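Work through the exercises below with the sequence and the model side by side, and try each task before reading its solution.

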Amino acid sequence: MSKRQPYELDVAKNDAAPIFWKSLEQKADPARARAEATAEFPRAAIAADLAKSDLVGPVGRRGFLFGGMSAALLAVEGCARRPVENILPYSKAPEYMLPGIPVHYATVREHRGEAIGLLVENHEGRPTKIEGNPDHPGSFGGTDAITQASILELYDPDRSNGPRTAGKEAKWEDFEAFLKQKSVAFAADGGAKLRVLMTPSNSPTMLRLRDALAAKLPQSKVHVWTPLSNSNAREGARIAFGKPVNTIVDYRFARVVLALDSDFLQTEPGMVRATRLFARGRKLRSSHESGMGRLWVIEPSYTNTGANADHRLRLAAREIEPYLLALGKELSTRQGVDLSQIAPLLATSTGAVDGVPPQWIKVVADELVTMRGRGAIVVGSRQPARLHALAHALNAALGNAGTAIGTYPANDPAERDVAADIKDLTADIDAGKVETLVILGGNPVYDAPADLKFAEKLAKVPTSIHLAHSVDETGSKCTWHLPRAHELETWGDQRTLDGTLAVQQPMIAPLFGGRSEIELLALVTGDPPTGYDLVRATVKSGSTIPAAVLEQTWKAGLNRGIFASSGNRSLGPMEVVGGAVVTAFSKSQASKPLAPDNLEIEFAPDPKLFDGRYANNPWLLELPDFMTKICWDNAACISPATAKALGLASGDVVTLSREGAAHVEIPVWILPGQADNTVTVNVGWGRTVTGRYGTGVGFDVYPLRTSDALGFADGAKVQKTGKTWLLAQTQEHQSMEGRPIAIDTTFDEYRRHPNFAQFKTPDPKVLPLWKPVEYKGHKWGMVIDLSSCTGCDACVIACQAENNIATVGKDQVHRNREMYWIRIDRYFLGEDESNPPVAIQPVACVQCEEAPCENVCPVNATAHSPEGLNDMAYNRCIGTRYCANNCPYKVRRFNYLEFQGGPTGSTPDTLYGDIPETRKMQFNPDVTVRMRGVMEKCTYCVQRIQEGKIASKRDERPIKDHEIVTACEQACPAEAIVFGDLNDPTSRVAKYAEIDRGYHLLSELGTHPRTTYLGKIRNPNPAMEQG
Amino acid sequence: MQIFPRSLNKLPLLVAVVANLALVGVVFVFWYWLSPKNLVMGYMPTQPVPYSHRLHVGQLGLDCRYCHANIERAAKAMIPPTQTCMGCHAIVKTDSAKLEPIRTSWQTGKAVEWVQVHRLPDHVFFDHSVHLHAGVGCISCHGRVDEEEVVKVQVPMSMGWCLECHRDPTPNLRPRSEITNMTWTNDGSFKPPAVNPPQNCSGCHR
């Protein structure tokens, strides 16, 4: 039987458009990649594995048939009367609680030094889904992937369930008694031998209690440490302005953004706010718009921000400094840019930088000067403080400060540089000045700078107390481990970087008896013991409002999720102390040029595990990395040229070493767009003491990170070990055979040819198979704006949380069995392998009106609804997988195994073989949990559609636009996804679907998808091409 | 030489008859005996408290919504909390032995373990509120509860049975004011509105 070959589309073939490729292997050998994509069992290793019986589980085929027959007989017997199920109503019903109706509460959560306001969905007191709070300036309704996944962290089965001391379980009363006894000693010497190590905090209550501790025990000291801090940015602002301030860029107002090693769209603080504003600043409703923002990015490794850049330059992190100096020098020559204060500094620059084309200085300077007041130079948090200071000086000279860049007072003016602070602590320990160390959150044994040897130091402290989510590297070495309550379990408060106050409300009582940082600190200071009282007291103490009004403010604040008028006013343009900026640069020194034997190593925050604290969250572990698409692992990224020079291939395990630090073994990954002679490693992997999912997954690179090189350092060496490591990654999965899919163009081209996207996706040449249906009622549709999507993965995790989607484990990912209903495709464009542009495309089921999947289902398990949804009836599916084969978009997912946990031992993998009870608490009760052997796919969140329809029927009113919001749309910080009724001419989706750059994916097949994509518009500067 | 006796000539006939009967039997087993008409209808479990709908609804005239309070707003019908029972039984029949589990629940705060009678499979998402709003009376799915001493399933609750009404809901519709009325009949004055219930998969399966 001959296999039908995928057709070649004339328009695509003859077009001079850049080629699309998903991986270097695919580019080198498209035929092999195509064969892999079409094979049922790709990769020889899998075929060989399949021959082994252990893959089908402990029960083989014969055993299954035998057991199956007896089970069938039992089933006949069993279903005569179904098992008795009980209904357990409340004894005393809580007020306003209607069983079956979810309740949403506003709360707040800290991530990466910034607060994100949330609305949490609760089913009968059980939080199941996190959404952004539209009223909160840190969220605007959006969230990020980590925030979406933090609901699963609450139900982590490996959270500790009580205090532990000396390896034995203990009770909170034991600890309280112990502390009481200790307090006598503290009081005697004013706490001289007490040290507290906490993470930098924006919580007013935390800061108030810290000050209370200092007042009560004046000799005690509080240190801060977190491996990925904003210390450099703070210090930079302090140098430039003379006092610590937070700066927030209004990416909507800024038309020219120059991001220097700053991944502000993913890993920098305030990513959700930045993404929302950035996307709004580039939103194009038609080709008649006068212009759009432009993003320039210079970075060593490909990040989300780089992928969204209009111009991207790959440059080693240490070269950013000479670049910014050269740019400053260029700017100082322009009229109206007064940089005389830092003139001596700029004079040191030659005005040119190795590896930077001259127009990257000249054209960028032109633009920044033209767009004076509407530009922003943004420096990444791993760059040294002096560079932040220089950027502040340049921004001030360009008039950007106070307009595009807001300046706000720091929430904690006393916060110190984290590296210096933890160094002081270890020095004090060495000096024998520390007898009691209280570690509030954090995991310093794992993530403190390697040269401090924190584990050894900790062993010298007689009493160490660690408050943490679970017993981790630090907790296992402390004399006391105390369980920390999750953010959804306790009271607290957070300020955003602009000062807006929000209160963290508990959704559920602590599942494992944990307590929060403030509650533990209150035990020491003698404040009231409950978080509620502590937070109320803070609100009261900082306020001059009379008590009766304060009660109202409190209630309104809880209800809305923010305390209105709590936001600090922007400080406006501030005076830059030029002399201090010049002095800060005096210590710079020249170093050896980078080469394959002198690599620069950059430590990057992991977009999923962050600094390692989310390492036991299977959703995040499995989420494919945005750029490399690697799941369940991290790798050291190197450029194709460097790989060639070192003779390395993706998956080769190397020994990565640095002078003055230990060495680690880690597989390499060849990443197009990586700067030559650099190696980028994501921190946060390779945890040794955490839960069942994260232990030993990935490779720990903290041993390479020393206190003088928290961001990047040169002098790194790579040595081939000869070993290889299997990296499960999804970049070639669900291939669409090289057809034009992610369509993009430049802004100028768009204005000339507004319908460019439809040229490549012509109308069908074939007649429809059936008589076309007229959709009279609702006609659900979706629009995805590729110009807005930044590829942050928030939608992927939001969908997983909403729709009970399983995680499958590394082994199954390698077998192409990941279950995501929405995936983010990442394509490289063009012939250049060193710095190719990137196209990003989220793909979920497009709900074809002429769905190819429906025609081939032998049991009618997938059928069309009168509203145009491609329904999936799980209970009818017999698992032939014909539909998935026939789907041109490759969006159908099959449950090959009992991914959601069947009876214990029914599947070989521990990941889902025995699913913990706590995990089940997260399941959305409105969505079926699918079993082995059934097909599933995106439903446009049909449960939300039905909920909205029922509510409208009940209230006898039409459904309002934006009333029904899919999980992906809700989570999207970029507002790239719009869902609604296409038959309602006033709806947003109907208007968006009419935008000229809209196109339907693979429209030429005649499938009539309901999802419309809006072609991506890039905005390159024509001057760059002229050189 | 005749090996087989003549009487064996009837064997094929006998085989045919038996085979046919067996076939009919098998069809019966699956069609009726294994169908919800047999398996679901008539299910009448013993409850921890012998609550009598006949007494409370039929004789005392309590409205269904007195106990199943959120039925017009939520998907679930809600079994009343112990609190609702105690609203009356703190005063009425305070020493009844049958009410012991209620009083225990009230004192300890633990739930009374009622046995679920009307149970749909997990992949069915039934919503009470929208049915009541459309004008489907309680009686259509639950029967004459006011005459039941012990609640039992009176309808098959199979997908075919659901679809019968979804295809033509008019015989089961009534004015919204009469949804809990067990004795209402259409005297011809009520014209059922068009309610357009869904007949596609995602109407009930999500």
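Two strands count as paired if DSSP finds at least two bridges between them, where strands (E, at least two residues) and helices (H or I, at least four residues) are DSSP runs numbered from the N terminus. The model is predicted, so that local features need pLDDT of at least 70 and side-chain atom pairs count only at pLDDT 80 or more, while totals for chains, interfaces and linings use all residues. Residues are numbered from 1 along each chain as its sequence is written, and chains are lettered from A, with ligands numbered from 1, in the order in which they are written.

**Exercise 1.** Find which residue of β1(B) is the bridge partner of Asn86(A), and describe how the two strands run.

Solution. Begin with strand β2 of chain A, residues 86-87, which is joined to β1(B) by two bridges, the strands running antiparallel. Within β1(B), Asn86(A) has Val115(B) as its bridge partner.

**Exercise 2.** Describe the side of chain B that touches chain A, by element and by residue class.

Solution. First count the residues in contact (C-beta atoms, placed from the backbone, within 7 Å): chain B brings 36 residues and chain A brings 35 residues. Next, look for elements of chain B that give two or more residues to this side, which are α5 (82-89), α6 (100-108), β1 (114-115) and α7 (128-134). Of these, α7(B) gives the most, with three residues. Finally, sort the side by class, with Ala, Val, Leu, Ile, Met, Phe, Trp, Tyr, Cys and Pro as nonpolar, Asp, Glu, Lys and Arg as charged, and the others, Gly among them, as polar; the result is 16 nonpolar, 12 polar and eight charged residues.

**Exercise 3.** Characterise the contact between domain 1 and domain 3 of chain A.

Solution. Take the bounds, which come from an automatic or database domain assignment: domain 1 covers 10-44 + 732-750 + 778-1018, and domain 3 covers 245-409. The centres of these two domains of chain A, taken over C-alpha atoms, are separated by 35 Å. Domain 1 of chain A contributes 18 residues to the contact and domain 3 of chain A contributes 19 residues. On the domain 1 side, α25 (747-752), β30 (838-843) and β38 (1016-1018) of chain A each supply at least two residues, and the classes of that side are 10 nonpolar, five polar and three charged.

**Exercise 4.** How many helices and strands does chain A have, and what are the dimensions of the box that its C-alpha atoms fill?

Solution. Chain A has 36 helices and 38 strands. Along the principal axes, the C-alpha atoms of chain A fill a box of roughly 85 × 75 × 65 Å.

Notes:
Two residues are in contact if their C-beta atoms, placed from the backbone, lie within 7 Å.
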